[in-house]
Amino acid sequence: MAGPTPEERPHPTGRRDEHGVRKEPDEGPEPTRRATVSALVEDEPGVLARAAGLFRRRQFNIESLTVGPTTVEGHSRITLVVEETEAGIDQAKKQLAKLTPVIAVGELSDDAVAAELVLLKVRGQEPDKVHAITSMYEGRTLDAGPRTITVQITGDENTIDDAIDAFDQFGIIEIARTGQTALERGDSPTTPGEEPGHSAGSTDDDEFTNYDD
């Protein structure tokens, strides 16, 4: 069959990035954005380790990864915050969805309800001032001694960052931060197809009939 020789055939000049997307040589770095992804998973031993291993192998830029129970017995929710290109975020969701225990994966909207928790152990030479800062951020004092004070603060990321800056004046000895967890606002499901659990106070009315719409 007549046709161009191998030397005459067009050859792509771009190279593929780590996510398999071809880039032209004159293109600069792809812009990144921050995304919050929620995955509904079945409770199985090692599911969090498997998810973390997946992201480590793929070299995704994961800022935080948390897991906790849902209202449905036998299910847990993984919430992760990723800073990646659009292609990278898409790949992160697709790869997570391929894990066997994963039921559904979805990306949360920008106005989703998000919060995290931080424990701060600070020097205790100025307990009154430490208490004042704790009260200002509606936190709790968990431990107070002659040398150290440990407090708990909850809130969105900006609140946590501001609180850490405020406590820095006392000398932060240790810090433990959970990372972000989040839910969609209103009656929108946090992951596609997710249905509300049934609590002791639930009724048989149609309050959540259109939850998946």
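## A tour from arginine 177

Begin by selecting arginine 177 and glutamate 116: their side chains form a salt bridge in which the closest N and O atoms are 2.7 Å apart. A salt bridge here is a side-chain nitrogen of Lys or Arg within 4 Å of a carboxyl oxygen of Asp or Glu. Arginine 177 belongs to strand β10 (residues 172–177) and glutamate 116 to strand β7 (residues 113–123), so the contact ties together parts that are 61 residues apart in sequence. Helices (H or I, at least four residues) and strands (E, at least two) are DSSP runs, numbered from the N terminus.

The model is predicted: local features need pLDDT of at least 70, side-chain atom pairs count only at pLDDT 80 or more, and totals for chains, interfaces and linings use all residues. Residues are numbered from 1 along each chain as its sequence is written, and side-chain values use heavy atoms, leaving out hydrogens and water.

Now display the surface around this first pair. Is glutamate 116 buried or exposed? Glutamate 116 is buried, at a relative accessible area of 9%, whereas arginine 177 is partly exposed, at 36%. Buried means under 20% relative accessible area, exposed over 50%, and partly exposed in between (1.4 Å probe, protein chains only). The areas come from the Shrake-Rupley method with a 1.4 Å probe, and for residues only the protein chains shown count as cover.

**Strand β5 and its partners**

Select strand β5 (residues 75–85) next. This strand is mostly covered, with nine of its 11 residues buried. Two strands are said to pair if DSSP finds at least two bridges between them. On that basis β5 pairs with strand β3 (residues 32–42) in the antiparallel sense, over 11 bridges. Within this pairing, arginine 33 stands opposite glutamate 84 of β5.

Strand β4 (residues 62–69) is also antiparallel to β5, joined to it by seven bridges. Follow the chain from β4 to β5: the two form a hairpin with five residues between them, and glycine 74 in the turn has a positive phi of about 90°. Glycine 68 has arginine 77 of β5 as its bridge partner.

Return to strand β3 and select serine 38. Serine 38 counts as buried, at 0% relative accessibility.

**A network of charges**

The model has 11 salt bridges by the rule given above. Which residues are linked in a network of salt bridges? They are Arg33, Glu86, Lys93 and Glu107. Select lysine 93 and glutamate 107 within it: their closest N and O atoms are 3.1 Å apart. Lysine 93 sits in helix α2 (residues 86–97) and glutamate 107 in strand β6 (residues 102–107), so the pair ties together parts that are 14 residues apart in sequence. Lysine 93 is partly exposed, at 23%, and glutamate 107 is partly exposed, at 28%.

**Two loop residues**

Most residues other than glycine have a negative phi. Select glutamine 59, in the loop between α1 (47–58) and β4. Glutamine 59 has a positive phi of about 60° although it is not a glycine, and it counts as exposed at 66% relative accessibility. Next, go to glutamate 138, in the loop between α3 (127–136) and β8 (140–144). Its phi is positive, near 55°, and glutamate 138 is exposed, at 72%.

**Charged patches on the surface**

Patches are made of residues with over 30% relative accessible area and no salt bridge; like charges are joined within 9 Å, and nonpolar side chains (Val, Leu, Ile, Met, Phe, Trp, Tyr) within 5 Å. Lys and Arg count as positive and Asp and Glu as negative, while His and the chain ends are not counted. A charge is placed at NZ of Lys, CZ of Arg, CG of Asp or CD of Glu.

Select Arg56, Arg57, Arg58 and Lys98, which gather in a patch of positive charge. Arginine 57 is in helix α1 and is exposed, at 61%.

End with Asp156, Asp162, Asp165 and Asp168, a patch of negative charge. Aspartate 165 lies in helix α4 (residues 157–167) and is exposed, at 58%.
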